[in-house]
Amino acid sequence: MIANVFQVYEKVKGKAKEVILSLINQEREGDQIDRTAVKNVLSMFVELGVQAEPLKLYQTDFETFMLENTDAHYSRKASKHVSENTCAEYLFMAEECLRREKDRATYYLDASSESKLLEKTQHQLLYVHAKQILEKESSGLHVLLRDNKEEDLSRMFRLYSKIDKGLELISAIFKEHVSSVGLALIKEAADGTRDKKVENRGNAGLQEKVFVNKVIELHDKYLNHCNNCFMGNSLFHKALKEGFEAFLNKEIAGASIAELLSTFCDSFLQKGSEVEKLGEDVIEETIEKVVRLVAYIHEKDLFAEFSRKKLARRLLSDRSANIEHEKRLLSKLKQQFGTYFTSKMEGMVTDLTLARDLQLEFKNYIRDNPNETGGVDFSVTVLTTGFWPTYKSVDFNFPGEFFVCIDAFKTFYNCKTNQRKLNWIFSQGSCHLAGNFKKKKIELNLSTYQAATLLLFNTEERITFKEISNELKLPIEEMKRVLHSLSCGKYKILLKEPENNRIISADDVFVFNENFTDRMARIKIPLPNLEEKKKVIEDVDKERKYTIDAALVRIMKSRKVLGHQELVRECIEMLNRMFKPDVKIIKRRIEDLVGRDYLTRDEENANAYKYVA
Amino acid sequence: MDSSDNNTSIFEIYSRYCGIRSVKHDAKEELAQLLKLLELRRKASSIVDDLNTLMPYLDLTVDSCRFARFYDFVFFMCRKNGQKNITVTKAIDAWKLVLKGRFRLLNEWCGFVEKHQRHNIPEDTWQQLLAFSRCVHEDLEGYDPKGAWPVLIDEFVDHMYRITSSNSSSTRIRGCNCGDSEAEPCRSDDS
């Protein structure tokens with residue numbers, strides 16, 4: 001009886017297979033088939049299986065052919081659709097096919113076939129043409145990303161997470177997309193600066209703001225994609241990081257992004273920016289986002305130094321909108337980049353609070369001794385050297401009005417503390433003078449040097465450059481800058497003779513412009529800052545030398561003997577958090593350390609160094 | 001040969017130098033003394049004179065270690081007032097004399113240093129140049145950009161690459177003929 005069954009099986013198996021395969025094909029084309037019948041016939045293959053290998057007949061006589069058939073079917077389907085469909089349509093189709101195949105497997109195939117069936121389908125539909133599908137010129141991943149097609153992106157992720165190296169491929173395209181969009185922003189900003197160079201600098205900071213806001217927007221968008229469409233997969237976070245690093249380490253018209261970001265923070269935290277109207281949570285969020293961008297730039301030390309200079313200016317000229325916001329930014333930076341990164345800036349903030357207390361005390365002191373300052377409203381900000389940027393302190397011959405005030409403060413200060421030396425930095429001071437012009441009285445907001453210069457005109461009407469210079473004893477360049485701001489700028493408080501050019505020369509004569517007037521009752525006369533940027537970069541370069549030296553010595557101290565390449569590598573690794581040191585500079589520093597006998601070359605191997613204790 | 005009897009002869013100084021260097025210990029004092037003796041000689045004879053006197057009597061072609069010792073001595077001679085580094089002019093004069101026939105790119109090197117180096121030459125650069133001259137051929141083969149060469153040598157190589165690529169077809173670098181048999185790095189303890 002049993003033998004009979006097998007004879008029958010041998011006769012019908014071929015035919016049965018053919019029929020089922022053609023039914024499957026029909027179903028794939030969209031026809032209705034009798035699924036129960038197929039299931040029943042297929043159960044024959046399984047039920048005849050022997051104990052030892054229950055699925056042998058099913059596999060050799062049916063499954064192999066079925067899989068081959070699947071392979072061929074989807075190979076055809078893929079080649080047809082890949083050229084006809086858009087990327088999104090194709091993926092939709094692929095997902096649909098996979099769903100149907102899965103359904104098919106559950107319904108009438110043996111359970112063991114499901115994974116193989118899906119494997120074949122995925123391979124043909126997604127793997128074989130992966131590049132072609134994803135990089136479709138007018139509808140591929142680039143376009144989906146550009147147009148925020150979240151649903152399609154999610155689908156793509158779902159499908160390709162099952163494909164070998166699928167996510168690597170997508171994340172690589174993702175990274176390339178992010179960096180190319182970023183680079184386009186950089187180019188746009190650079191073109192913008194070039195075009196607007198001629199226009200006045202009234203809206204300085206605006207360009208930075210626009211650019212940084214765009215970058216933040218970009219980051220929001222792609223971070224969103226990472227988390228929502230790409231399920232927070234680490235490959236994509238890495239791609240996002242690398243994509244941003246690729247363009248945030250470029251320059252825009254000679255300015256590094258480090259500088260732009262610090263300028264952005266500066267205008268964000270300044271009084272009078274529209275930020276003051278924003279809610280606390282928006283401010284908090286923006287701060288967090290900027291810090292996240294800082295993480296992408298290699299020259300973090302440059303950002304820190306620019307920020308420190310700008311913070312100093314905000315604090316000293318009372319331009320900071322809200323000290324709590326300053327603190328919040330610092331704490332975010334500290335959290336992200338470590339204590340060392342912000343220690344000086346935090347010191348400055350605390351220092352200023354102490355200085356304010358002292359100012360209050362002095363005010364009370366003056367209230368009790370009103371004659372000490374000769375009626376001038378006077379305050380001094382006492383700071384700790386070390387936290388603050390170094391300012392040139394030029395001794396100059398200040399007018400008597402100042403002298404009284406300074407003396408009063410000295411008396412006050414010496415009573416409070418002893419053994420402390422005050423170092424006066426007039427260049428950072430400011431002064432309000434009442435200008436009695438013919439038409440009306442205008443309050444002038446000036447720097448100390450500007451004020452000292454104008455006060456000379458209380459007694460003389462016409463003063464030559466040489467006389468002013470002799471009187472104030474300021475360095476010539478400084479003197480020229482001050483006089484330029486008073487006679488050649490927007491507000492001409494002084495009239496220059498000859499007035500034909502806008503260059504101050506030693507033979508010029510200056511006259512008080514009593515006819516000056518302005519619609520405002522109070523004006524600030526700007527004194528352009530000297531090349532501050534150059535100084536920041538110089539300072540950072542200098543600081544880097546010390547930092548590299550320290551890192552090299554630290555490494556060598558622990559390793560004693562180390563090959564050149566390893567030393568360079570470890571040094572870069574150690575400093576990575578602050579900046580990306582140039583290999584050539586490291587080499588120079590090593591040479592310098594060899595010259596200073598901290599290191600010597602190993603006698604056995606000229607490519608290795610020894611630590612000299 | 002020496003114009004005054006107070007002067008220690010250059011032979012004497014050299015042999016004392018070799019004596020000090022062959023003992024492996026820090027001999028700053030002794031070297032400083034020797035440097036003073038050398039400075040006394042400068043009143044009567046120049047470094048170049050001294051080298052010209054000394055060189056024919058030293059059998060420098062025999063082994064590379066002996067030459068390396070002598071090469072170090074030349075740097076030592078050029079130091080002024082106990083300074084660690086020597087001036088570019090002195091270094092170039094000395095190189096032209098002692099590396100003649102030993103370094104295929106000598107002329108190019110001296111020309112490059114004269115034109116591009118503004119700082120003094122430190123001892124390490126001096127010593128590494130000898131190693132460089134021994135292991136690098138005139139086509140710069142044998143130079144490893146990842147190696148620990150002093151920056152000046154790296155820059156020289158870059159400079160040479162630029163020159164050769166700009167007139168690659170016509171002129172080849174003309175080096176001087178020399179038997180460079182001593183590619184072995186040497187250690188300083190066998191004198």
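Mentor: Let's start with the rule: a salt bridge is a side-chain nitrogen of Lys or Arg within 4 Å of a carboxyl oxygen of Asp or Glu. By this rule, Glu27(A), Arg28(A), Arg35(A), Glu101(A), Asp103(A) and Arg104(A) are linked in a network.

Trainee: Before we go on, what sort of model is this, and how is it numbered?

Mentor: This is a predicted model, where local features need pLDDT of at least 70 and side-chain atom pairs count only at pLDDT 80 or more, while totals for chains, interfaces and linings use all residues. Residues are numbered from 1 along each chain as its sequence is written, chains are lettered from A and ligands numbered from 1 in the order in which they are written, and side-chain values use heavy atoms, with hydrogens and water left out.

Trainee: How many salt bridges does the rule give over all chains?

Mentor: The count comes to 60.

Trainee: What makes Glu84(A) and Lys80(A) a salt bridge?

Mentor: Their closest N and O atoms are 3.8 Å apart, so the pair is within the 4 Å limit. The two residues sit four apart in helix H3 (residues 56-84) of chain A, which means about one helical turn separates them. By helix I mean a DSSP run of H or I with at least four residues, while a strand is a run of E with at least two, all numbered from the N terminus.

Trainee: Why is Glu84(A) called exposed?

Mentor: Glu84(A) has 54% relative accessibility, so it counts as exposed (buried is under 20% relative accessible area, exposed over 50%, partly exposed in between, with a 1.4 Å probe and protein chains only). Lys80(A) is at 47%, so it lands in the partly exposed class.

Trainee: What about Lys175(A): which residue does it pair with?

Mentor: Glu242(A), with the closest N and O atoms 3.2 Å apart. That pair links distant parts of the chain: Lys175(A) is in helix H9 (residues 166-196) and Glu242(A) in helix H11 (residues 234-248) of chain A, 67 residues apart. Lys175(A) at 34% and Glu242(A) at 25% are both partly exposed.

Trainee: How do you know that Glu284(A) and Arg328(A) pair up?

Mentor: Their side chains come to 3.4 Å, N to O, in a salt bridge. Glu284(A) lies in helix H13 (residues 280-294) and Arg328(A) in helix H15 (residues 323-337) of chain A, so parts 44 residues apart in sequence get tied together. Glu284(A) has a relative accessible area of 28%, so it is partly exposed.

Trainee: And Lys13(A), why is that one called partly exposed?

Mentor: Its relative accessible area is 21%, so it goes in that class. Lys13(A) is in helix H1 (residues 2-28) of chain A. Leaving aside neighbours within four places in sequence, it is in contact with Phe45(A) and Asp61(A) (contact means heavy atoms within 4.5 Å).

Trainee: Let's move to the two chains. How much area do chain B and chain A bury between them?

Mentor: About 1300 Å², with 41% of it on carbon and sulfur atoms (buried area is the accessible area, 1.4 Å probe, that two parts lose on being put together, summed over both). On the chain B side, Asp124(B), Ala148(B) and Val151(B) lose the most area to chain A, together 39% of what that side buries.

Trainee: What salt bridges hold across that interface?

Mentor: The rule finds five. One of them joins Arg588(A) and Glu155(B), at 3.0 Å, N to O. Helix H7 (123-135) and helix H8 (151-166) of chain B are the elements that give two or more residues to the side touching chain A. By class, that side has five nonpolar, three polar and seven charged residues (Ala, Val, Leu, Ile, Met, Phe, Trp, Tyr, Cys and Pro count as nonpolar, Asp, Glu, Lys and Arg as charged, and the others, Gly among them, as polar).
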